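Me: I am new to this structure. Could you take me through it in short questions and answers?

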Amino acid sequence: MLRHTLRLSFPVALAAPFLLAGCFDNQRDDTSASPDADERISVAMLQPPRSGLSPLSDDAFKLSRWSNAETLVRLDTNSDPQPFLATRWEQVDDQTWRFMIRDGVVFHDGTELTANDVVNSLTAATQAAPKPRILDGVNMTIEADGDNAVLVRTEEADPLIANRLSSPQLAILAASAYGDDGRVNPIKAGTGPFVLKEINGTTSATLDRFDGYWGEPTAIAGIDADYVSDGTARAAALRTGTADVVEAIPVSQVALLDQALVHEVPMPRTNTLYLNTQSGPMADPGLRAAAREAIDRSSIVKTVYEGRADIAEGLLGPALAWASDYRTSIDDRTAPTAPEGVEITLATFTDRAELPEVAVLLEQQLTQAGFKVTQEVREYAHIESDALAGEFDAFILSRATVLDSGDPVAYMYSDFACEGSFNIAQLCDPAVDEALANASQQPTGEARRQAIIDAEAAILRTDAAIPMLHERVIQGESARVSNAERDPRERMLITEKTAIDTDSES
């Protein structure tokens, strides 16, 4: 997966002086477990762990998808922060937030969650090398405020502190997880409904129900997770019943499966054509507009993605369910200029197999519109520096539009601000920078969402980027599984509500 970290270098203003997140009553449901509570669920995972399932690495997302390690905050479908191990929070001053810690939470090693445990876990994250992506450019200190609260301080005002603390890489683990050598061992150290019992290297992991969980009782006895990097093998595991839940089934395998077992999940990832606004032919806004008008998105979706993608209406797709509610038509678009044989270089990379296929179709469409197109296709490691240096007139990229905070402002700033660290389009537009600065200053909620869409419109008005489609991931679930999560952020998969229906088995 292509990821880039960045520092938000523009100023962020203070959110409401006392921004209070709602709290809720999480009384333990003492009803008896389901009749199928002794059943275990088998999961075929896409990638093996790279860092021994350390929560300070990308492996944290596996712990989260298994409902093993939990964070202070979690996000709702609008990416707004909601209580989790913290029941409520408030902004004390410009740089300080206070989080109240949930009572009655027990770690898998039998110790009770305290404010000191939160300080220990979050401090370990701030001192990690490298730091978790969510803390890139953020200097944060944490201290206990009594037994059941912590103070989180940052050097600059940051309205996304609660969102940041939802990242799986900032999960709260027991003190026993942290070794003197800096290594983190998550076995029997989380607070979730499933306790990690065994790590079998890059082969598999085993989790059991945690009967001391603070939330609802767990519906199944445990999780058996296998790492199956080959897509054909993952599809076969679903087809033969070897796996109950399967991550990321390749499009090429879907036709071989029972369609009732296949579920498409929209991803916060947009396939976008970036146009060089600084040099070469595409510095002409009229030619960028001509490229915009030449693209037939529906044929790309139908041909390359076999219909399993969403035609783009903007930079942000259906994985951010709120975006379409705020979006309106963009007025004052630049009129196209006839290309009349102007020569352009269209580039992309081979690491994502569909992108060279997209490039072939785009070349045909742009040629038909009057451009003379030359393609440049390499491995990503060998083309990134040239793309960032503005060596190409057009570049096709599959780009994640939200990072770990669940908020797209960082992506937009990185790709389209004058000082953006991943500005392939070489864009420097005062109206775009102003819109991005405004969006960054807003507290989470409706005002920020509207400001984000306003920034999207400012970017699209330049034709520096032409969004083509939003990708989906295909998740497989056997007929006996219910309530597996289909999460665009890939943070959740198996939860306490996921169940096995033994009556559906043949």
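Predicted model: local features only at pLDDT ≥ 70, side-chain atom pairs only at ≥ 80, totals over all residues.

Me: How do helix 11 and helix 13 run relative to each other?
Reply: Helix 11 spans residues 409–416, and helix 13 spans residues 446–462. Their axes come within 11 Å and cross at roughly 25°. Angles under 35 degrees count as roughly parallel. Helix 11 and helix 13 are therefore roughly parallel.

Me: Which residues of helix 13 make the contact with helix 11?
Reply: Helix 11 passes helix 13 in a left-handed crossing. From helix 11, the contact takes Val409, Met412 and Phe416. From helix 13, the contact takes Arg448, Ile452, Ala455, Glu456 and Ile459.

Me: How do helix 11 and helix 12 run relative to each other?
Reply: Helix 12 covers residues 430–441. The axes of helix 11 and helix 12 come within 10 Å and cross at roughly 155°. Angles over 145 degrees count as roughly antiparallel. Helix 11 and helix 12 are therefore roughly antiparallel.

Me: Which residues of helix 12 make the contact with helix 11?
Reply: Helix 11 passes helix 12 in a left-handed crossing. Helix 11 contributes Val409, Met412, Tyr413 and Phe416. Helix 12 contributes Val432, Asp433, Leu436, Ala439 and Ser440.

Me: How many residues of the contact of helix 11 with helix 12 are nonpolar?
Reply: One residue of this contact is polar, and one is charged. The nonpolar residues number seven.

Me: What is the orientation of helix 7 to helix 9?
Reply: Helix 7 is made of residues 297–304, and helix 9 of residues 354–369. They pack at an angle of about 140°, with their axes 10 Å apart. That angle makes helix 7 oblique to helix 9.

Me: Is the crossing of helix 7 and helix 9 left-handed or right-handed, and which residues of helix 7 meet helix 9?
Reply: The crossing is right-handed. On the side of helix 9, the residues are Glu354, Glu357, Val358, Leu361, Leu362 and Gln365. By class, the contact has five nonpolar, three polar and two charged residues. The residues of helix 7 are Ser299, Ile300, Thr303 and Val304.

Me: How much space lies in the second largest cavity?
Reply: The model has three cavities of 30 Å³ or more. The space in the second largest cavity is about 70 Å³.

Me: Which helix gives the most to the lining of the second largest cavity?
Reply: The lining has 13 residues, and Asn78, Ser79, Asp407, Arg448 and Arg449 lie nearest the centre of the cavity. Three lining residues are nonpolar, six polar and four charged. The helix that gives the most, with three residues, is helix 13.

Me: Which residues is Ile330 in contact with, leaving aside its neighbours within four places in sequence?
Reply: Ile330 lies in the loop between helix 8 (323–326) and strand 14 (343–349). Its C-alpha atom is separated by 9.9 Å from that of Asp454, 124 residues apart along the chain. With sequence neighbours within four places set aside, the contacts of Ile330 are Ala457, Leu460 and Arg461.

Me: Is the peptide bond from Ala129 to Pro130 cis or trans?
Reply: Pro130 sits in the loop between helix 2 (115–127) and strand 6 (140–144). The bond from Ala129 to Pro130 has omega near 0°. This peptide bond is cis.

Me: What is phi of Ser67?
Reply: Ser67 belongs to the loop between helix 1 (60–65) and strand 2 (73–75). Its phi is positive, in a residue other than glycine. The value is near 55°.

Notes:
Residues numbered from 1 in each chain as written. Heavy atoms only, no water. Axes fitted to C-alpha atoms, helices over the stretch in contact; angles between N-to-C directions. Helix = DSSP H or I, 4+ residues; strand = E, 2+ residues; numbered from the N terminus. Parallel < 35°, antiparallel > 145°, perpendicular 65-115°, else oblique. Left-handed = near helix turned anticlockwise from the far one by under 90°. Contact = heavy atoms within 4.5 Å. 1 Å grid on protein atoms, 1.4 Å probe; cavity = no way out; pocket = protein on both sides within 12 Å on 5 of 7 lines; lining within 4 Å. Points joined across faces, edges and corners; volume = space filled by probe spheres on them. Nonpolar A, V, L, I, M, F, W, Y, C, P; charged D, E, K, R; others polar.
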